Amino acid sequence: MNGTTFDVLNSTLASTLRLWRGTNARPAAMRPARHLQLYEFEACPYCRLVREALTELDLDAVIYPAPHGGKRFRPKVAVMGGKQQFPFLVDPNTGRSMYESADIIDYLYESYGGRLAPMRLLRPLDVSTSILAGIPRFRAGSRARPSKTPKRPLELFSFESSPYSRRVRELLCELELPYLLRNTGKAGWRDLGPPGIRATLFPDLPVAGRTRAELLERAGKVQVPYLIDQNTGTAMFESDAIRKYLLDTYAK
C-alpha cells in the first residue's frame, strides 16, 4: 500500500467516524450577497462542525486558514475579536462577527437557512464524533509551514466529507493559503458515491445543485476537489495533482 492510498483510507475513515456529515446539501432560503468569511483550521473539531453546516446549507465562504504557529491570520483574529480562538465567523452582509461553533451554526441557519438548526441536545455527540474523526488524520491541517502569499485567494470546489477534498484543504491550511470554498454538496441520494459509479447506475441523471451545475459548466464534469488559481491561470482535478501544484507553487 503506497502513501497516497493509506492517506485516502485514513481520510475516508475520518468521514465515516463523523457519520458522513457534510455530504448532502439542501439550499439555504436566502443567499448572502457577499461571501461569508471563516477563520479556522482544518484539524479543529469545532471548525469541522461549522464547515459541515456550510456544506449542508449550500453556502460558500472565504476561508482564512489559521493553523497553530500561523502568522498570517491568527493575529488578525485576535485584533478583530480580542482572542485567538477558532472558528471565527465574519459576515460582511450584517456586520456580525462571532466565536463559538454552536452560535455560528445557529446564526447561519437563522440568517440564511430558513429552517431550524440541529438540536443542541445532539451537540455532545457532534463534538465527540468530530474529535474522534480527527484522530486518523494525525493532526494534518493543524500546524503552519512556510509559504508564499498569493495575491488573490484560490478557489476550491469541495464538500466537507469528501476524503479527497480533505487532503487538499489540509494542505491549504498548513500553507496558510486563503481560498474561496465553493461547497459542492450532493443534492440528492442518487448523487451519492464516486462519479464512475453514479455514471454507471444513473447515466441520464441530470446534475442538480447550484455549485455542481456550475462546476459541470466550468470544468466539463462534476468531481471534487477542483482547484482554480487565478494567480497562475491554473485549474485542475485530482487531490494528488493539486497537492503537488500547491507545494511546487507556494511552499518555501
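This is a predicted model: local features need pLDDT of at least 70, side-chain atom pairs count only at pLDDT 80 or more; totals for chains, interfaces and linings use all residues.
Author: Residues are numbered from 1 along each chain as its sequence is written, and side-chain values use heavy atoms, with hydrogens and water left out.

Reader: What makes H2 mostly covered?

Author: Buried means under 20% relative accessible area, exposed over 50% and partly exposed in between, with a 1.4 Å probe and protein chains only. Eleven of the twelve residues of H2 are buried, including Pro45, Cys47, Leu49 and Leu54. Contact means heavy atoms within 4.5 Å. What covers the buried residues includes strand S1 (36-40), strand S2 (61-65), helix H4 (101-113) and helix H5 (123-134).

Reader: Why is H2 called roughly perpendicular to H5?

Author: Axes are lines fitted to C-alpha atoms, for helices over the stretch in contact, and angles run from 0 to 180 degrees between N-to-C directions. The axes of H2 and H5 come within 8 Å and cross at roughly 110 degrees. Angles under 35 degrees count as roughly parallel, over 145 as roughly antiparallel, 65 to 115 as roughly perpendicular and the rest as oblique. H2 is therefore roughly perpendicular to H5. Among the residues of H2 that meet H5 are Pro45 and Tyr46, and the H5 side includes Arg123 and Asp126.

Reader: What makes a set of residues a nonpolar core?

Author: The set consists of buried Ala, Val, Leu, Ile, Met, Phe, Trp, Tyr and Cys residues joined through side-chain atoms within 4.5 Å. The largest such core has 35 residues, and those with the most contacts inside it include Leu36, Leu54, Leu172 and Leu246. H4 gives the most to this core, with six residues. Leu172 touches Pro65, Leu154 and Leu246, among others, not counting residues up to four places away in sequence. Another core, of 16 residues, lies apart from it and has Cys44, Cys47, Val62 and Val90 among its members.

Reader: What joins Phe86 and Pro87?

Author: A cis peptide bond joins them, with omega about 5 degrees. Most residues other than glycine have a negative phi, and most peptide bonds are trans. Val224 and Pro225 are also joined by a cis bond, with omega about 5 degrees.

Reader: Which counts as exposed and which as buried, Leu19 or Asp58?

Author: Leu19 has 61% relative accessibility and therefore counts as exposed, whereas Asp58 has a relative accessible area of 4% and is buried. Neither is a glycine, yet phi is positive in both: about 65 degrees for Leu19 and about 60 degrees for Asp58. Leu19 sits in the loop between helix H1 (3-17) and S1, and Asp58 in the loop between H2 and S2.

Terms used: Helices (H or I, at least four residues) and strands (E, at least two) are DSSP runs, numbered from the N terminus.
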